[in-house]
Amino acid sequence: MQSPIQRASAVAHALSAAWLVALGPFASACGEDESIGRAAPDPSSVAPVCAPDQCEIGGGCRDHLAPNPDNPCEQCNVTVARTRYTAFDAGACDDGSACTRDDVCQAGRCTGTPSFCDDGNPCTRDGCDAATGECTFEPDEAKCGANPCGGPDDDPPLTDDGAGDAGDAGEAAIPRDATSRCDDGNPCTEDRCEPFVGCVHTPVVSDEPVACDDANACTLGDLCVEGACEGQVATDCDDGDHCTIDVCDPTSPEGCRHESIANLCADDNPCTDDACDPERGCVYTFNDDPCDDRSACTTGDTCQAGACIGRHVDPNDGNPCTDDACDPASGVVNIPNRLPCTDLNACTVGDTCADGLCVPGATPLPCDDANACTDDGCEPASGCVFTEHTRACDDASLCSDNDRCRAGECVGQVVDCDDANTCTADSCAPATGCNNELIVSNPCRPTITVTYPPRGATLTEGSSQTITVTGTVGSGAGPITSLRINNVNTSVNADGSFARTITPSHGSNMLVIVATDSFGSQRRVVQSFLWSRGYRHPTTAKNGIVADGVGVWLDKIAIDDGTRGSPPNDLASIMQIALRSFDIGAAIPRPAANNLNAGGIVGTYDIYVNNFTHSPATVQLWPRSGGIHMRGRLTNGRADIRASKQCSAGVFSCWGPGTITGTLTFSAIQIDVDLDFSVSSNDIRVTVRSSNVAISGVNIDIDGAFGWLIEFVIGFFEDDLVDTIEDRFNDQLAPIIGPLVRDGLRELAFQMRLNVPKVQGGGSIPIDLVTDWRSVSCSSEGCRIVLRGGVYTPTKVTPYTNSGVPNRDACGDGTQSLAVPGNKILELSLPDDTLNQLLFALWRGGLLEFPVPSSWLSGVNLSEYGISNLSMTVSGMLAPTATDCGGTGFDAHVGDVKISASMRLFGQNVNVVIWASVRAGMQLYLDGRKIGIRLTSIERVETEVNVVQSQLIGLEPVIADLIEDEVIANLVDQLGDGDLGSFPLPDIDLSGAISGLPAGTGITIVPENIIRSGGNTIAGGRLD
């Protein structure tokens, strides 16, 4: 910017220049003295000096790429040669000949493709008229001559009509014997000689058929067809005799031949008489002559119906110890065998054939009737004989003693098997003796009563991560022989009480207690509980909110990616839209400056700036320690300026111009603001640390003929005017920028209503996600934002109440931390404490309260289990709880699910209560712009089934399998189909928060990947 002294010097210089311009003609006259006494050069004697982009050709200068006026296939190309033309093959040209086409430039010459002129006559010269382009054909006697057919030179010539004279003028003479020389000996052609051509043979043309002979005895009615002799009908050689073959020989004078085939009728069958009948062909007549069928197994062979047939010989010799057969070559054969047979003695067993005879077996007939009360014997005629006796015996039964034979039976006295146990059914089995079988009933099997912890408990034990499971166990059938708690043997006191201290996992836990009595009967109890050092009970917002509930990372690219596309995808683009909607001209005060001193004589002025215009504002943002730096820039500014003189009582105070008008322009206004971020009362605070406004490229143009003089006067206070406008801009804009950025960031604390579909029964569960500000910290790489987060449902449906959501507390080992690694452009971190609030809200809203639909059992034939009229309801005592503590991976525990069932089982009404606890794999995944929460495969399921009816207790395992395989599997499927807690990432609409933004302007979060870290699920992505 120039000082007033510099401006004064510039004005004086401008006046001097203007003065010299006014005296211009006189100044030119004085300048002629320099050429006195010098002769002017002759232009014709001076060689041209061409520019570097010109060719010097023929004493003249031609521009680069200018064509040769005499040849369009050449041009000036200074990159090749500057003293001659260069070939230009891309030029258009015409070679001036009508006998060429498609003329093109080649190597600096115009060349065309010649026209094709050829009449196909070797006796003519083919050419083209260059002027007209017409083809020409002239006789070429050098090639063909006038008499192509030859003959003696002294023969009188013939004319074309054969009259023997010279003929008419223009007709060519033909030698007298020319026609005879052209005879081709074919009666089907006309032969003649053509001048300049030679012999010509054309087919005979006649209105009537022309007969000929094709010299083929196998054709008839030969006629000329298109210059050739062709037969019209084939010769028929059929003599009507089936005993001959009829053929035609074209070379034979007779043509047809007939050869006998009667010898082909012989069939080599002695039972037929062979002959050939001219009308029927081969004939075979049956005879009844004696014959030989060449088989030793037949006799009396004769011909019958054309075949030789004999009577079969019977080979059976009546001996069961021979195998009888007949060999056609040798006759009857009787071969000894070794088959079983009978020797007619009832006391022998295993008789077999040997050498054609039946030999008695070596083993006698077994006559032992296994009765100790009979004497055994055998008679050859009748077989075994059994005689009773009365001696002492053993009836092989442990249910009797003092045994003795009576009437062929061993009889003893009955043994008493009563064990005096009311839980057994006493009986005796002969093989095993007394049997005291357990009566299956609830009083006669183990009973387990857990006194601590209660079912569905939410426990905390202060600093000790242990609990003691207590209760009692007993059985009406006998003593308890085994008690296992979570598969660990536990001792039982004499009074049936037990106690075991266990170390629970942080979060969800299962208890499986199995008792076994002396009869091997088992009973199990399955229940669940939650354990934590502390709980949150989010019933109403913002009760129980998670302090580090949501983490947000904004990389410097998310804050400003350097581009300003639409829709905006970074904070800088949104701030730029907001700044452009702001009337910056309104920030210029009126007056913009007052009492500016233009010098003691000139006086003071008030400056007014009106009609302020500029190019659209641009904004840049970059993060820094503690906040962000914002730079706004306006360019190409223009305004109307008016300076009003302020008079005082002095003598010269009103000397000089009064009101001055003109225009004020500038190249740029740059606004730099450092903004600090902090959080107070759970709300974002934005403080302006420093700000600066700088105006550059200022120019003032005053109206009127003496504007230059007024500009000289204004030059004295131009610097002060700019400084004043900068200060006033700074005072006006700094308080606006802070709230503008604050209102934009404030919307990052989102509120969202979700409606999650119920598992069954239709409808949905309303869920409110609530966040507010916890902390914010920025560095040169970006800003880390921590939001408090809570999830609530407006209506409680579950009938259960407990301590709420267990704190993760780093799996009980310390203070839980929120992981925001800052590895992506944008990151959204969801800790398990917030995730479990979501699951708790769903549970509280009735997620696990529903009737089991029949479709869940559609794949099971209940009649195979004896079940009909089945109905079931589900009621969950504990909210699903997600955890990665315990070393089993990231999973969800659904504990103490009560399944109440009523059915008819084998015709009886049965009411069953099943308790189930399930652990299933859990997954958070990306579904477009949603983060979905779903259960994957079942990792563990434990059930407890209690049937009241004693006679149906044995079906408890069947019911347990049915519940686990169908009901629990379908429950996990329903909770794992993507609807469980699936929620879209929030669209942050800033149009209502920042004045001037178009409706719908905001930030859209686009996730790209999802990871797990230290109890946090982190979705990384970008802004869109």
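Trainee: In this predicted model, where does Ala-305 lie, and what makes the residue count as exposed?

Mentor: Ala-305 sits in the loop between strand 20 (298-304) and strand 21 (307-312). Its relative accessible area is 65%, and the term exposed applies over 50%, so Ala-305 is exposed.

Trainee: What is noted about the phi of Ala-305?

Mentor: The phi of Ala-305 is near 55 degrees, a positive value in a residue other than glycine. Most residues other than glycine have a negative phi. Asp-896 is also noted for a positive phi, near 50 degrees, but Asp-896 is found in strand 59 (residues 891-905).

Trainee: Why is Asp-896 called buried?

Mentor: The relative accessibility of Asp-896 is 0%, and buried means under 20%, so Asp-896 counts as buried.

Trainee: And what makes Ala-275 partly exposed?

Mentor: Ala-275, which lies in strand 18 (residues 272-277), has a relative accessible area of 42%. Buried requires a value under 20% and exposed a value over 50%, so Ala-275 falls in between and is called partly exposed. Leaving aside residues up to four places away in sequence, Ala-275 touches Cys-265, Gly-281, Cys-282 and Val-283.

Trainee: How do you know that the length of helix 8 agrees with what a helix of 13 residues should span?

Mentor: The expected span is 1.5 Å times one less than the number of residues, which for helix 8 (residues 832-844) comes to 18 Å; the end C-alpha atoms are 18 Å apart, and therefore the two values agree. Gly-846, which follows helix 8, has a positive phi, near 100 degrees.

Trainee: Why is the pair of Phe-840 and Trp-843 called tilted?

Mentor: The ring centres of Phe-840 and Trp-843 are 5.4 Å apart, and a pair needs centres within 6.5 Å. The planes of the two rings stand at 45 degrees; planes under 30 degrees apart would count as stacked and over 60 as edge-to-face, so the pair is tilted. Phe-840 and Trp-843 are three residues apart in helix 8, which means that about one helical turn separates them. Phe-840, at 3% relative accessibility, counts as buried, and so does Trp-843, at 2%.

Trainee: What makes the pair of Phe-612 and Phe-666 stacked?

Mentor: The rings of Phe-612 and Phe-666 are 5.8 Å apart from centre to centre, with 20 degrees between their planes. The distance is within the 6.5 Å needed for a pair, and the angle is under 30 degrees, so the label is stacked. This pair links distant parts of the chain, with Phe-612 in strand 45 (residues 604-613) and Phe-666 in strand 48 (residues 659-680), 54 residues apart. Both Phe-612 and Phe-666 are buried.

Trainee: How do you know that Arg-455 lies over the face of Trp-915?

Mentor: The distance from Arg-455 to the ring centre of Trp-915 is 4.0 Å, and the rule asks for CZ of Arg within 6 Å of the ring centre and within 35 degrees of the ring normal. Arg-1012 likewise lies over the face of Phe-890, at 3.7 Å from the ring centre.

Trainee: What makes strand 34 and strand 39 edge strands?

Mentor: The sheet in question is open, with three strands in the order 34-36-39 and antiparallel pairing. Strand 34 (446-452) and strand 39 (497-502) each pair on one side only, and that places them at the edges.

Trainee: How do you know that strand 36 and strand 39 are paired?

Mentor: Six bridges join strand 36 (residues 467-475) to strand 39, and the two run antiparallel; at least two bridges are needed for a pair. Within this pairing, Thr-470 has Ala-499 in strand 39 as its bridge partner.

Trainee: Why do strand 35 and strand 38 stand at the edges of their sheet?

Mentor: They belong to an open sheet of five strands, ordered 35-41-40-37-38, with mixed pairing. Strand 35 (457-459) and strand 38 (488-489) each have a single partner strand, so one side of each is left without a neighbour in the sheet. Two bridges join strand 37 (residues 480-485) to strand 38, where at least two are required, and Arg-484 stands opposite Asn-489 in strand 38.

Trainee: Why is the peptide bond between Tyr-452 and Pro-453 called cis?

Mentor: The omega of this bond is about 0 degrees, and the bond is cis; Pro-453 lies in the loop between strand 34 and strand 35. Most peptide bonds are trans.

Methods. Residues are numbered from 1 along each chain as its sequence is written. This is a predicted model: local features need pLDDT of at least 70, side-chain atom pairs count only at pLDDT 80 or more; totals for chains, interfaces and linings use all residues. Side-chain values use heavy atoms; hydrogens and water are left out. Helices (H or I, at least four residues) and strands (E, at least two) are DSSP runs, numbered from the N terminus. Rings of Phe, Tyr and Trp (its six-membered ring) pair if their centres lie within 6.5 Å; planes under 30 degrees apart count as stacked, over 60 as edge-to-face and the rest as tilted. Buried means under 20% relative accessible area, exposed over 50%, partly exposed in between (1.4 Å probe, protein chains only). Contact means heavy atoms within 4.5 Å.
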